[in-house]
Amino acid sequence: MATKRQGRAGLFNGASRTSRRRPAPTGPQAALAALKGVVYSWDVASDAITWGPNAPEVLGLPPGALPRTGYAFSKLVEPGSGPDHRDLAAQDGSEPSFDSRYALRFAPNRVLMVQDAGRWQLDADGRPCVLRGMLRIDPAASAQDLLPASIKARSLLLRHIQDNIDEAAQLSHTCTLMVGACDDDESVAMEQVARSLRPLLRRGDHVDILSPTRFAITLTCCPATEAMSAMRRASALVQAALPYAILHLGAACSPDHTYEAVKLLRFAEMALEAALSRSEPAVLHKTRHATKSKASDQSVCDLLAALNERRLVLALQPVVEAPSRQPALVQARAAMRGENGGISALGPIPAAETVNPALLIDGRMLELAADHLARHPEARLVLPVAHETLQDREWLPMLAAHLGARPGTASRLIVALPETILADAGEVVGPLNAMKALGLGIGLSGFGTGYASLASLRALPIDLATVDGVFVQTLKRSTDDRLFVRTLIDMAHHLGIAVAAEWVDDEASARLLAAWGVDYMQGDLFGAAEAAALPDSALKRLKRA
């Protein structure tokens, strides 16, 4: 019978053991590549998207071309192909999890059909603040012959636009693209609009119908300086032929704005959206230069204020043993207490130039966790710590001080670090060994997102690996996810590492995981997160503060 090593934290007391000897598993990167998926996280407040390490390979883009904001990502979504996560965020998080299907366009002839599944993290007011999901490519549905007719028509238009851009570039000419709409009036036929615009066209120009309510005009030898006058002439022609139509136009120019047809059409549509929102007849796209946003600075100030006002609390969620369903551990997370008394999980911690907010937050959570363990001698707690905190030289002295002031708590504490630390395994092995010397356990969160390898897991003293919930939530419907999760479990057990699974919300998934030999499970099926109770002395200090 294959067994697993006994960690310093005693993680395998009462835990399941695999009853079958299996061959040594392959690395998680190979399994994730076969899954054709990439894990991502979207912070709604800052609009920043963080991609898994395999995103360039899955999406077929160089690392510098990956969309880094939700707004930039939404511009890759084909119109009408389905709701993306920005559309779903506008629904105020009515459903905690989502599963959507839509198309992404990266080039005139390159469209990918994707399956996007994930879960929202809600703030104290019940609004979406953080999204964790997995984007999966569907190669079969992405074949050119199987794409919807509307996407094929748009691809044909983009090829024409790209030909015009290339020809204009060879001759040192320009190319202007105008996109128009008739004030959301579907009674106006685009064919009539196209006929009325014929006097504007010269040799090489053409009009294309994008949808029942939109059209596009490609004008060669029309520089950006003449784009506004060309749009005024187009409006006059349409107004003369269709007096009841109210036309709005948006335009972008090549080479002033871009040499790529996909971006040119996107910029023109953005200008049209601006014209519609401002009720203006014509808007020319303007290149925006990146400016430093004050959102992150404001977020840091809010976090510091919450720390000073003692509004940050320790949220605890039970973690059960898979076979017996008996409570075994407690998952701790940083949470914010709202004015109504409710709590919400703390979102991504922004970076700052003069201070390490992650260290401040994790230091406060460590203090609360150590106090909780000191008051509950039977409790065993998993505390997440940020990668930035581990890299801070003040972290180890802080950890030793808190644990030294509360004897007997170290052996019941597991510090969980994100899987991103495995990208720098050689640099973190020293701090991790120092933490193990204090007597605590080391956990790994987000297991399976693409950073782990057999070599890095062997090199580091990991006791517990938590499979990322984006792979767990789809177990009921996805055979690929089942195979991937089983691969992660087998690989961790082969290395003597205990395995936990998060986001276990239904009985069917719990039974599957238990049958595969997972050691621990956590999710709404076993209890929601609740704020840890403070002793009376702490409550009095908080009221005085």
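This is a predicted model: local features need pLDDT of at least 70, side-chain atom pairs count only at pLDDT 80 or more; totals for chains, interfaces and linings use all residues.
In what order do the 5 strands of the open sheet with antiparallel pairing stand? The order is β2-β1-β5-β4-β3, where helices (H or I, at least four residues) and strands (E, at least two) are DSSP runs numbered from the N terminus, and where two strands pair if DSSP finds at least two bridges between them. At the edges stand β2 (48-51) and β3 (97-107), each with a single partner strand, so one side of each is left without a neighbour in the sheet. Neighbouring strands here are turned by 30° against each other on average, direction ignored; for such angles, axes are lines fitted to C-alpha atoms, for helices over the stretch in contact, and angles run from 0 to 180 degrees between N-to-C directions.

Residues are numbered from 1 along each chain as its sequence is written, and side-chain values use heavy atoms, with hydrogens and water left out.

Staying with this sheet, strand β1 (residues 37-43) pairs with β2 in the antiparallel sense over 4 bridges, and Trp42 has Ile49 in β2 as its bridge partner. Helix α5 (residues 149-170) lies across β3 and β4 (110-122), and runs at about 30° to β3; contact, here and later, means heavy atoms within 4.5 Å.

Let me turn to another open sheet, whose 5 strands follow the order β7-β8-β6-β9-β10 with mixed pairing. Its edge strands are β7 (206-211) and β10 (282-284), each of which pairs on one side only. A hairpin joins β7 to β8 through 2 residues, these two strands run antiparallel and are joined by 5 bridges, and His206 stands opposite Thr218 in β8. Strand β9 (residues 248-254), by contrast, pairs with β10 in the parallel sense over 3 bridges, with Ala282 in β10 as the bridge partner of Leu249. Helix α8 (residues 261-278) packs on this sheet, touching β6 (175-181), β7, β8 (214-220), β9 and β10, and its direction makes about 150° with that of β9.

Now to the charged side chains, where the structure holds 19 salt bridges, a salt bridge being a side-chain nitrogen of Lys or Arg within 4 Å of a carboxyl oxygen of Asp or Glu. Which side chain does Asp468 meet in a salt bridge? The partner is Arg132, at 2.8 Å, N to O, and this pair links distant parts of the chain, since Asp468 sits in the loop between β17 (464-467) and α15 (469-472) while Arg132 is in strand β5 (residues 128-137), 336 residues apart. Asp468 is buried at a relative accessible area of 3%, whereas Arg132 is partly exposed at 26%; buried means under 20% relative accessible area, exposed over 50%, and partly exposed in between, with a 1.4 Å probe and protein chains only. Arg132 also meets Glu502 in a salt bridge of 2.9 Å, N to O, and Glu502 is buried, with a relative accessible area of 5%. Further along strand β5, Arg136 meets Asp481 of helix α16 (residues 479-494), a pair 345 residues apart, with 2.7 Å from N to O.

For the chain overall, there are 18 helices and 20 strands, and buried residues make up 52% of the 545 residues.
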